[in-house]
Every structure is written in C-alpha cells, then in structure tokens.
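Hi,

Here is the structure I said I'd pass on.

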Amino acid sequence: PFFALTETWLKSHITDAQVQVPNYECIRADRDKRKGGGCMLYVHDSLPFSKDSSYDDGVNNLLTCFISSINTFIAVIYRPPNSPSSSFKTLLDILQNKLDENSKDTRSPDIYVMGDFNLPAIDWEYCCVKSGVPCDSPEAAAHLLDFMDRNFLSQLVDKPTRENNTLDLIFTNKPLDVLNVE
C-alpha cells in the first residue's frame, strides 16, 4: 500500500505531476540546499493519510505520515555520509516526537521507518556498533540503535546494499507483516 524512495535528487521546481505514479499520492522532502539526497513516499489512493510532515536541516531529510484508517506510522529518512551526529540526533528526536504524538490517543501504531542511513559501522547481526571499524559517526550509529530499542523495532534488511555495507534500512515493530525486502 506504500513505497518509499531516497536519493530522489528532486528540487522544488519539479512538480508532483512529473513524478506521479497512477493510483498513488506522493509526499516529498526535497533537498533544495544541497546536491543529492531527498526522499519521497507514495501512499495508495485507497489509504487516505493525515498528519504528514517533512523536516530538512540542510543536511538530513525526514518525511513522516500517519494513516489513521490502518493505524500506521511511516517515516522515510535520508542521512548523508559524514552527517554530524548532533544533526542526526535532532532528526531522531523529531521523529520520536511524531511517533509519540501519533500514539497518545490510540493504541500504538504499526511503525515503518525506512531510508538511506549511511551508517556502515552497525553490525546488524548483533545490533551493535562495530569496534575497530573506521566510520564517520559511531555516535550516530548508537543514536539509531537507541531509537530502535526504545520503539521495539526490528531491522529487516539482511544483505549489503552498497559494497559490503548495509546502508539502506527498514525498521518495523511488525516484522511478520513484511513479506519481502528487496
């Protein structure tokens, strides 16, 4: 019922009509101030959504959406390599606030957080920061693992997505509901 894209490279002069997919509505977080990045979420027309928002600090992108009819919260993130840990922590704090906001009046929603995180220092088999591996931000990796633990999320991508690194990630609190990850 939905799919997400990162590294869209879209700018505000590109209209939604130019990237339209039949029977889907798109929500965008363009990265106007820098080259590359950006994210987009397509939600099927049969699932009206509410409370969509985007965040861009000039470095990271966050796109969120709540589909009340199926009590589902979706977030799409683009975190570039060498992003400051403090900037990523702010993004995760904003994401946590959005999750909390959508959980207070109802039972906990189904959660799907996906994107390009560019954090090669995480060992996903053991869910820990790798030791002795040069990386841009072990602190950012630790922040992501803390966020994952706080929200009881499982990370579903089990193969490298770039060279030997798993950088593109999908988190959910409903791992049995995900039938395929490609």
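A polar side-chain atom of Thr72 sits 2.9 Å from the backbone oxygen of Ile70 (a polar contact is a pair of N or O atoms within 3.5 Å; within protein, one must be able to donate a hydrogen and the other to accept it, and residues adjacent in sequence count only if both atoms are side-chain atoms). Bear in mind that this is a predicted model: local features need pLDDT of at least 70, side-chain atom pairs count only at pLDDT 80 or more, and totals for chains, interfaces and linings use all residues. Residues are numbered from 1 along each chain as its sequence is written, and side-chain values use heavy atoms, with hydrogens and water left out.

Thr72 belongs to strand S6 (residues 72-78); strands (E, at least two residues) and helices (H or I, at least four) are DSSP runs, numbered from the N terminus. Its relative accessible area is 2%, so Thr72 is buried (under 20%; exposed is over 50%, partly exposed in between, with a 1.4 Å probe and protein chains only). Leaving aside residues up to four places away in sequence, Thr72 touches Cys65, Phe66, Ile67, Pro109, Asp110 and Tyr112 (heavy atoms within 4.5 Å).

Elsewhere, 3 strands make an open antiparallel sheet, ordered S1-S3-S2 (strands pair if DSSP finds at least two bridges between them). S1 (2-6) and S2 (24-29) are the edge strands, each pairing on one side only. S1 and S3 (residues 39-44) are joined by 5 bridges, and Phe2 has Val43 in S3 as its bridge partner.

Finally, in helix H1 the buried residues include Phe88, Leu91, Leu92, Leu95 and Leu99.

Cheers
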